[in-house]
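Okay, thanks for making time, everyone. I'd like to walk you through one model today, so let me put it on the screen.

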Amino acid sequence: MIERFVDRDSTKKFILERKNKDGGYSFARTGPSTTSETFYSISSLLMLDVDPPDKEKTIEWLKARQLGKGYFPSIQTAFYVANTLNLLGKKVEKVDEFLEWCYKHYKNGLFSEKIEGMPSLKATYMLTGCICIYADNIYREEIHKTLSKKPLPDNLTDIFRMVRIYENINIKPPHKQEIISFIEKCKTPSGYYSLIPKATSFLEHTYHAVYLSKRFRVSFDREKIREHILACKNKDGG
């Protein structure tokens with residue numbers, strides 16, 4: 001299917017040009033390796049049916065982002081490292097201690113970015129997305145109870161995060177009809193999608209809308225989305 005959407009060779013070249021000697025990938029050529037760009041690069045290569053080169057070096061670089069006792073410097077780093085390693089068939093070091101660190105961010109039905117911080121959907125999405133790789137979430141029922149009492153988020157990104165949280169804890173998400181209605185409200189006249197109704201469309205929000213549409217079996221104009229994506233493609237493959 002992906003051959004219909006991208007020039008595989010130029011996209012592969014674009015990604016590999018951002019691979020650094022340390023095994024990580026960067027946002028721009030010669031830039032520093034980051035865990036987020038490494039995750040998106042590995043994900044993209046695998047979608048292109050390209051075996052990532054020097055995988056062992058990438059795995060080594062990812063594991064080096066983990067601190068002592070299974071900790072990470074941030075939940076964002078943990079999320080991207082754990083999920084990239086999972087794509088490569090590997091695990092973080094000291095899984096039990098890592099899970100213990102993840103649970104230290106839990107409070108009042110959700111997770112927070114900092115152990116002493118305020119709970120948020122973003123943090124809950126990322127940390128449940130780490131935990132579900134290795135174990136069932138011990139707070140799954142409490143998370144469900146907390147989220148089910150809250151109104152539907154007022155933007156596509158947070159609705160996407162909410163649905164992914166439910167997927168991570170293996171519980172059917174609520175608000176199905178409200179979600180479907182909100183997706184339709186975010187559709188722009190050109191057939192793309194925006195963060196909130198009657199706003200400018202961006203690829204990120206179109207991705208969220210398409211993901212949610214497929215999740216809830218809502219039809220969308222595939223050709224228009226295809227045209228939108230290809231219109232954003234540059235000559236260098238990015």
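Predicted model: local features only at pLDDT ≥ 70, side-chain atom pairs only at ≥ 80, totals over all residues.

Residues are numbered from 1 along each chain as its sequence is written, and side-chain values use heavy atoms, with hydrogens and water left out.

Let's start with helix 2, residues 35–47. When I say helix, I mean a DSSP run of H or I with at least four residues, while a strand is a run of E with at least two, and both are numbered from the N terminus. Helix 2 has 13 residues and spans 18 Å from first C-alpha to last, close to the 18 Å expected at 1.5 Å a residue; that expected span is 1.5 Å times one less than the number of residues. Its buried residues are Thr35, Thr38, Phe39, Ser41, Ile42, Ser43 and Leu45. Buried here is under 20% relative accessible area, exposed is over 50%, and partly exposed is in between, using a 1.4 Å probe and protein chains only. What do the buried residues of helix 2 pack against? They pack against helix 1 (8–16), helix 3 (55–63) and helix 4, with contact meaning heavy atoms within 4.5 Å. After helix 2 comes aspartate 49, with a positive phi near 60°. We'll come back to that kind of phi.

Now the helix pairs. In general, two packed helices are described by the angle between their axes and the distance between the axes. Axes here are lines fitted to C-alpha atoms, for helices over the stretch in contact, and the angles run from 0 to 180 degrees between N-to-C directions.

Take helix 3 and helix 4: their axes come within 10 Å and cross at roughly 155°. So these two helices are roughly antiparallel; the cut-offs are under 35 degrees for roughly parallel, over 145 for roughly antiparallel, 65 to 115 for roughly perpendicular, and oblique for the rest. Helix 3 passes helix 4 in a left-handed crossing, meaning the near helix is turned anticlockwise from the far one by less than a right angle, with clockwise being right-handed. On the helix 3 side you have Ile59, Leu62 and Lys63, and they meet Val81, Thr84 and Leu85 of helix 4. By class, that contact has four nonpolar, one polar and one charged residues. The classes are Ala, Val, Leu, Ile, Met, Phe, Trp, Tyr, Cys and Pro as nonpolar, Asp, Glu, Lys and Arg as charged, and the others, Gly among them, as polar.

Next, helix 5 and helix 6, which pack at about 150° with their axes 10 Å apart. That makes helix 5 roughly antiparallel to helix 6, and the crossing is left-handed. From helix 5 (95–103), the buried residues are Phe98, Leu99, Trp101, Cys102 and Tyr103. They pack against helix 4, strand 1 (106–107), strand 2 (110–111) and helix 6 (121–134). In the contact itself, Val95, Phe98, Leu99, Trp101, Cys102 and Tyr103 of helix 5 meet Leu127, Cys130, Ile131 and Tyr134 of helix 6.

Helix 10 passes helix 11 in a left-handed crossing. Leu203, Thr206 and Val210 in helix 10 meet Ile225, His228 and Ile229 in helix 11, giving four nonpolar, two polar and no charged residues.

On to single residues. Phenylalanine 79 sits in helix 4 (75–87). Is it buried or exposed? Phenylalanine 79 counts as buried because its relative accessibility is 8%. Leaving out residues up to four places away in sequence, phenylalanine 79 touches Tyr125, Met126, Gly129 and Cys130. The C-alpha atoms of phenylalanine 79 and glycine 129 are 6.9 Å apart, although 50 residues separate them along the chain.

Back to phi, as promised. Most residues other than glycine have a negative phi. Asparagine 170 has a positive phi near 60°, and lies in the loop between helix 8 (156–168) and helix 9 (176–185). At 65% relative accessible area, asparagine 170 is exposed. Arginine 217 has a phi near 55°, also positive, and lies in the loop between helix 10 (203–215) and helix 11 (222–231).
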